[in-house]
Amino acid sequence: MSSVPQLVLDSKKSRHFDGRHPWVLANSIQEPKTEIEAGQVVELLQPNGSWIGRGVYNPNSRVRLRLLQWQPEQELNTEWICSQLSSALQFRKDRECTSGELEAVRMVNSEGDGLSGLVIDRFANYLVLQFTSLAMLKWREQILDWLQQNIAIDNILCVMDDNAAKQEGTEPFSIWQQEGKGSTIANFREHDVELTVDLKAAQKTGYYLDQRTNRMQASLAMQPGSLLDVCCYQAGFSLVAAKHAQIERIVAVDSSQRALEAAEQHAARNAVEGIEFQKADCFDYLQQLVQEKQTFDNIVLDPPRMAGHRSQINSALRAYHRLNLSAVNLLRPGGTLVTCSCSGRVFREDFWGVLSSVAKRSRRRIQVIESRGADFDHPIDVNCPESDYLKCFICRVD
Ligand code: SAH
């Protein structure tokens, strides 16, 4: 008999339990008979005693158990965690051998790389580790040691934001591995664009790497003329378009002053002149442009996550509908619409449904030219469809 504490699935849930999903929610398991501490390795059993998997328990989180292993003979220890890191790193290296080296790359994509609750992004010679589970915090020091031994880097930023900390019942933090060591600014290139990101003051891990190839594919689909870049952050889509499409006028909108300041610096660094930056709420701003009867040849919509919880799905769908309807009303016939959703709870077919009703409502034909997701370095585990969060449809609108 194993010495690892065991949890048993609730008998009502067990029939529908898809044993390979890494998240086991509080209401899916029976109350443990003895006290199990937060961060302890446990095994999960069916009510009939058959073995399901092994993971880390957290009584303070709605996700009570993060399942990490599904093979009884394995051991959940530092060695195994490092083997997952090593396999994630090798996959990126192999890919870079065939398609060219990247200066900024997601090296570990949480569930997609078998490490639920850990994201690691490399920006040139810096690493940013974002923790969203207590399970991964358990191995924080060992993960840092492994990274320092296996990747040549100057410094590492470890972050757990307020939201994740609250959900996991722990404290938020943002700590440089070598505090006070030089700059926090990473310089890297994406496509032909030179970027300078202050990792300490940026959103998420620093830059939205998931949209890397989408930025290029969107640019290749753009019509000559004007571009409205909605929720532009640091002008990622605008700058790739300025270099790879025939764009004469760019209007780039975001509600964050800090993002817009960084965007302006990026434009200057890349000698892209004349971008009209607007600090505004995207819904109000698009409404205003429609009232002014403005038109654009290309529009990118890349709003923030709108549904963080199941209860927000319907309001998110309504918000996507409003935003996309305004965009279609602003597009010239034959224009290109690049529309994105990064809400994991809004599935691809639901977002497709939004576009379908926008087409009906506006009486315009919307052709999807490409239905895309996050870039290759954001792999998705087939058992965790929630991590297929990014939808990016490149469309032609008659
Ligand atoms: N398109 C960007 C990423 C966008 S992330 C890129 O290619 O890198 C979403 C952006 O939406 C963030 O920059 C955030 O500041 C902005 N945002 C959030 N709420 C907004 C709102 N109501 N109106 C306009 N921008 C908003």
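Residues are numbered from 1 along each chain as its sequence is written, and side-chain values use heavy atoms, with hydrogens and water left out. As the model is predicted, local features need pLDDT of at least 70 and side-chain atom pairs count only at pLDDT 80 or more, while totals for chains, interfaces and linings use all residues.

**Aromatic pairs**

A search of the whole structure finds 10 aromatic pairs. Rings of Phe, Tyr and Trp (its six-membered ring) pair if their centres lie within 6.5 Å; planes under 30 degrees apart count as stacked, over 60 as edge-to-face and the rest as tilted. Two of these pairs are listed below.

| Pair | Centre to centre | Angle between planes | Class |
|---|---|---|---|
| Phe123 and Phe188 | 5.4 Å | 45 degrees | tilted |
| Tyr320 and Phe351 | 5.2 Å | 70 degrees | edge-to-face |

Phe123 belongs to strand S7 (residues 118–123) and Phe188 to strand S11 (residues 185–190), so their pair ties together parts that are 65 residues apart in sequence. Helices (H or I, at least four residues) and strands (E, at least two) are DSSP runs, numbered from the N terminus. Phe123 is buried at a relative accessible area of 0%, and Phe188 is buried at 2%; buried means under 20% relative accessible area, exposed over 50% and partly exposed in between (1.4 Å probe, protein chains only). Ring pairs also link Phe123 and Phe188 with Tyr207, Tyr208 and Tyr233 in a cluster.

Tyr320 lies in helix H10 (residues 313–330) and Phe351 in helix H11 (residues 348–362), so this pair connects parts that are 31 residues apart in sequence. Tyr320 is buried at 0% relative accessibility, and Phe351 is likewise buried, with a relative accessible area of 0%.

**Charges over rings**

A charge sits over a ring if NZ of Lys or CZ of Arg is within 6 Å of the ring centre and within 35 degrees of the ring normal. Lys138 lies over the face of Trp139, 5.5 Å from the ring centre, and the charged end of Arg215 sits over Phe237 at 5.7 Å from the centre of its ring.

**Strand S14 and its partners**

In strand S14 (residues 247–254), six of the eight residues are buried. Strands pair if DSSP finds at least two bridges between them. S14 pairs in the parallel sense with strand S13 (residues 225–230) over six bridges, and four bridges join S14 to strand S15 (residues 276–279), also in parallel. Val251 of S14 stands opposite Leu228 and opposite Glu276 in S15.
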